[in-house]
Amino acid sequence: VIKCKAAVAWEAGKPLSIEEVEVAPPKAHEVRIKIVATAVCHTDAYTLSGADPEGCFPVILGHEGAGIVESVGEGVTKVKKGDTVIPLYIPQCGECKFCKNPKTNLCQKIRITQGKGVMPDGTSRFTCKGKQIYHFMGTSTFSEYTVVADISVAKIDAAAPLDKVCLLGCGISTGYGAAVNTAKVEPGSTCAVFGLGGVGLAVIMGCKIAGASRIIGIDINKDKYAKAKEFGATECISPQDFKKPIQEVLVEMTDGGVDYSFECIGNVGVMRAALEACHKGWGVSVIVGVAAAGQEISTRPFQLVTGRTWKGTAFGGWKSVDNVPKLVTDYMAKKIKVDEFVTHTLPFDKINEAFELMHSGK
């Protein structure tokens, strides 16, 4: 058993608490990882807020991390002690019908136990002050050591800077993949990206790499425009600057609507606007943002009858074990940006400040 520091969420709506936790050794088909760097994501904040129906407490949150394998349980063959890895919240077992289908990346092998906050055998590897602590998204990267299933880990280039590539564990991969895998953006196309946070910037990067000729960034926070343009946005607009709905503005700006639109916020009203901003006959709108539990999307069916397509994406459609190492390689070869997404680097015990920076849009 390893004793180490972790940021424990004891209950919903309260700040994280830095505690000494005990991390049990990995059982069969499990891997214990020393987490070197972790990022914070709105999904962590969503669960912490208490709005997540799958949220269980006390829990160690975090799902964008990178580290070194400390030890492996019996039967583990893909990684060994000392390997550099990224934990995966969408695993890839290679055996379930989802993994065998090229149309999806949604491996279901451990979905049920992962959603309940435990390892595949139904138990936890974390304890603190004599209490069992739940796992989160199969990764729990807000701990100096974590235990994950062996199908939830990608071995990456040992030379990669872990404080940067941890972002490939969720945000960058999600946005980039939404553009290149889910939408399959084509050269010369016009795109609209709603929400210019980390995921939105990654979508812009993907649209640019795919050869889009016009990329319109949409956000009410104008402080984000300069960064969006750095990533490839050709122009940025705020819905608050117009008297009419933003979808009408976009349809007028683009002679009938955009070829591709992306919702990167998790707001069902914006999801509707993103679909309705698409061009009749061929426009495709991708939902990337995660809306709160119980919310529903709506539009007039005529929007779809007249040739628009509504899609969604999780982790950008990447089959995780196969593709995360390739994304790291692409980053090392300077084919995709990663460093540019990092705005602040804080010591682990300042993790609550990181959440404050995220909530304030900084």
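Two residues are in contact when heavy atoms lie within 4.5 Å of each other. This is a predicted model: local features need pLDDT of at least 70, side-chain atom pairs count only at pLDDT 80 or more, and totals for chains, interfaces and linings use all residues. Numbering starts from 1 along each chain as its sequence is written, and side-chain values use heavy atoms, with hydrogens and water left out.

**Stop 1: Glu30**

Select Glu30. It sits in strand β3. Helices (H or I, at least four residues) and strands (E, at least two) are DSSP runs, numbered from the N terminus. Is Glu30 buried or exposed? Glu30 counts as buried because its relative accessibility is 3%. The cut-offs for relative accessible area, with a 1.4 Å probe and protein chains only, are under 20% for buried, over 50% for exposed, and in between for partly exposed.

Now show its contacts. Neighbours within four places in sequence are left aside; the partners include Val72, Gly73, Val76, Met119, Pro120 and Arg125. Val147, Val148, Ala149 and Asp150 are also in contact with Glu30.

**Stop 2: Pro120**

Move to Pro120, one of those partners. Pro120 lies in the loop between α3 (111-115) and β7. It is partly exposed, with a relative accessible area of 40%. Not counting residues up to four places away in sequence, Pro120 touches Glu30, Ile110, Thr113 and Ala149.

**Stop 3**

Return to β3 and colour its sheet. Five strands form an open sheet in the order β9-β3-β5-β6-β10, with antiparallel pairing. Strands pair if DSSP finds at least two bridges between them. β9 (145-149) and β10 are the edge strands, each pairing on one side only. On average, neighbouring strands here are turned by 45° against each other, direction ignored. Such angles run from 0 to 180 degrees between N-to-C directions, and the axes are lines fitted to C-alpha atoms, for helices over the stretch in contact.

Zoom in on β3 and β9. Five bridges join these antiparallel strands. Which residue of β9 stands opposite Lys34? Pick Tyr145.

**Stop 4: the other sheet**

Select β4, β1, β2, β7 and β8, which form an open, antiparallel sheet in that order. Its edge strands are β4 (59-60) and β8 (131-133). Strand β2 (residues 17-23) runs antiparallel to strand β7 (residues 126-128), and two bridges join them.

**Stop 5: helix α1**

Show residues 42-49, helix α1. Asp44, Ala45, Tyr46, Thr47 and Leu48 are buried there. What do the buried residues of α1 pack against? They pack against β1 (2-9), β3 (30-39) and α12 (351-359). Gly50 follows α1, and its phi is positive, near 95°.

**Stop 6: the second largest pocket**

Finish at the second largest pocket, with a volume of about 300 Å³. Its lining has 18 residues; Lys78, Gln92, Cys93, Asp150 and Ile151 lie nearest the centre. β10 (153-155) and α11 (320-332) each supply at least two lining residues. The largest share, three residues, comes from β10.

A pocket, on a 1 Å grid over the protein atoms alone, is an open set of points where a 1.4 Å probe fits, with protein on both sides within 12 Å along at least five of seven lines; lining residues have an atom within 4 Å of a point.

How values were computed. Grid points are joined across faces, edges and corners, and a volume is the space filled by probe spheres set on the points.
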